[in-house]
Amino acid sequence: MMDRLAKVPEKIVLVLQGGGALGAFQAGAYEALCKAGQEPEWLAGISIGSINAALIAGNPPGRRLQALRAFWEGITRAPWLSGTLLEGGPMPGRVRSMFNEGRAAASTMFGVPGFFRPRMPDLMSLFPGMMRQTSWYDTGPLRETLLRLVDFDYLNDEGPRLTVGAVDVQTGNFQVFDNRETRIGPEHIMASGALPPGFPAVEIDGREYWDGGLVSNSPLQVVLSAPSNRPLCIYQVDLYQSRGPMPRTMAEVDQREKEIRFSSRTRLNTDDFRARHAISRAARRLRAKLPADLQQDDDLVTLINGGSTHPVSLMHMIYRHADYESGSKDYEFSRLSMLDHWRAGLHDAEQSLNDNRWTTRVVPEDGLFIFDLHAPDGHEAEME
């Protein structure tokens, strides 16, 4: 089965995790993929990953990088101080840390252009127990940005498959929106990134939705569980690492807690894939041993169809924060940090794509090959 399917062209899938301002890392990774001719046929995203995915899926290949740059440069318009620092070269770590915290504070106070703005306080909030607003910010600017940079007609009629995840506020259930089943609009992208209490819920067809990262910060499971008649090549770009050192300060506690909460739990999804694949292969072997009248037994067919028959190659790229970054890194929208994140994504993706362990990969019998450039052996040490 592996040999036969290996001769079929791979379906390229790009899976993008949520992580706010860190999403520029994904844009840099896409630039490397684009230059290598690895244009995705399917994009799946959560939160900022949904925005990046929509910018890619909602533009023809020749305009995708331009749309990503327009978005990230637009929401990180550099004030005079940031511009001066950009020209001044690298800063000492402590100075850079102070600069980043200042820019993060500015984002919380004044919002981010083209993304979100502070909501005017409800006058009733002056009285105890009378506050009626349900978010601190208005995301109307994001809607305008999406309508300007994403061609939603192209996205739904001609573009690659797009899947974004959100959470139903009232049921708590994870909801998937897919342009192969639903006509995607800016509201679906905004719902996927509506992280409370900062951002308001987004209404779609009479239901209210919050950020999909509240339940799962990566749509990898959606991709792995979908049927496919071709082998998959999945590029998973995460913004939070699951592994990290023991924190020693309150600031490090804040950062580590956020990393644990929003990391993708890739190992959980890949272990499930392998288990289902093993059951399916065992059921197929069993069918070959049974008499003809039992080979189409409904229970046996269910077991066979419960696992994947297509091999998967998964490249895992994970942003690893700089020493001067803190728990505010996901809402620190300076031009300086955006460029750093973009370059880091570009560098990691280029190195990964050219690594001999990836270019000469062979998918094993369990149907899944995983590569992580920064893992000790290039495989699954980081995939917890």
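Tutor: Start with a term. A cavity is a set of grid points where a 1.4 Å probe fits but cannot get out. Keep in mind that this model is predicted.

Student: Why use a probe at all?

Tutor: Rolling a probe the size of a water molecule over the atoms shows where empty space is left.

Student: How many cavities of 30 Å³ or more does a search of the whole structure find?

Tutor: Two. Take the second largest cavity, with a volume of about 30 Å³.

Student: Which residues line the second largest cavity?

Tutor: They are Ala70, Phe71, Gly74, Ile75, Arg77, Gly114, Thr145 and Arg148. By class, this lining has three nonpolar, three polar and two charged residues. H4 gives the most, with three residues.

Student: Now the pockets. What is the volume of the largest pocket?

Tutor: A pocket, unlike a cavity, is an open set of points. The largest pocket has a volume of about 650 Å³. Its lining counts 36 residues, and Leu195, Gly198, Phe199, Asp330 and Tyr331 lie nearest the centre. The classes are 21 nonpolar, 11 polar and four charged.

Student: Which helices each supply at least two residues of that lining?

Tutor: Helix H3 (48-57), helix H6 (93-110), helix H9 (186-192) and helix H11 (250-262) do. H11 provides the largest share, three residues.

Student: How much space lies in the second largest pocket?

Tutor: About 380 Å³. It is lined by 19 residues, and Glu252, Gln255, His321, Asp323 and Glu325 are the closest to its centre. H11 gives the largest share of this lining, five residues. The classes here are six nonpolar, seven polar and six charged.

Student: Which residues of H7 are buried?

Tutor: Buried means under 20% relative accessible area. In H7, that holds for Pro141, Leu142, Thr145, Leu146 and Leu149. These residues cover an arc of only 135° around the axis, which puts them on the same side of H7. On the other side, Glu144 and Arg148 are exposed.

Student: What covers the buried residues of H7?

Tutor: The cover includes H3, H4, strand S3 (117-118), strand S4 (137-138), helix H8 (152-157) and H9. Look back at the second largest cavity, too: Thr145 and Arg148 are among its lining residues. Of these two, Thr145 is buried, whereas Arg148 is exposed.

Student: How far apart are the end C-alpha atoms of H6?

Tutor: They are 25 Å apart. At 1.5 Å a residue, the 18 residues of H6 should span 26 Å, so the two values agree.

Student: Which residues of H6 are buried?

Tutor: Arg96, Phe99, Asn100, Arg103, Ala104, Ala106 and Ser107 are. Viewed down the axis of H6, they fall within an arc of 155°, so they line one face of the helix. Arg94, Met98 and Met109 are exposed, on the other side of H6.

Student: What follows H6?

Tutor: Glycine 111 does, and its phi is positive, near 85°.

Technical notes: Residues are numbered from 1 along each chain as its sequence is written. This is a predicted model: local features need pLDDT of at least 70, side-chain atom pairs count only at pLDDT 80 or more; totals for chains, interfaces and linings use all residues. Side-chain values use heavy atoms; hydrogens and water are left out. On a 1 Å grid over the protein atoms alone, a cavity is a set of points where a 1.4 Å probe fits but cannot get out, and a pocket is an open set with protein on both sides within 12 Å along at least five of seven lines; lining residues have an atom within 4 Å of a point. Grid points are joined across faces, edges and corners, and a volume is the space filled by probe spheres set on the points. Helices (H or I, at least four residues) and strands (E, at least two) are DSSP runs, numbered from the N terminus. Ala, Val, Leu, Ile, Met, Phe, Trp, Tyr, Cys and Pro count as nonpolar, Asp, Glu, Lys and Arg as charged, and the others, Gly among them, as polar. Buried means under 20% relative accessible area, exposed over 50%, partly exposed in between (1.4 Å probe, protein chains only). The arc is that of the directions from the helix axis to the C-beta atoms. Contact means heavy atoms within 4.5 Å. The expected span of a helix is 1.5 Å times one less than its number of residues.
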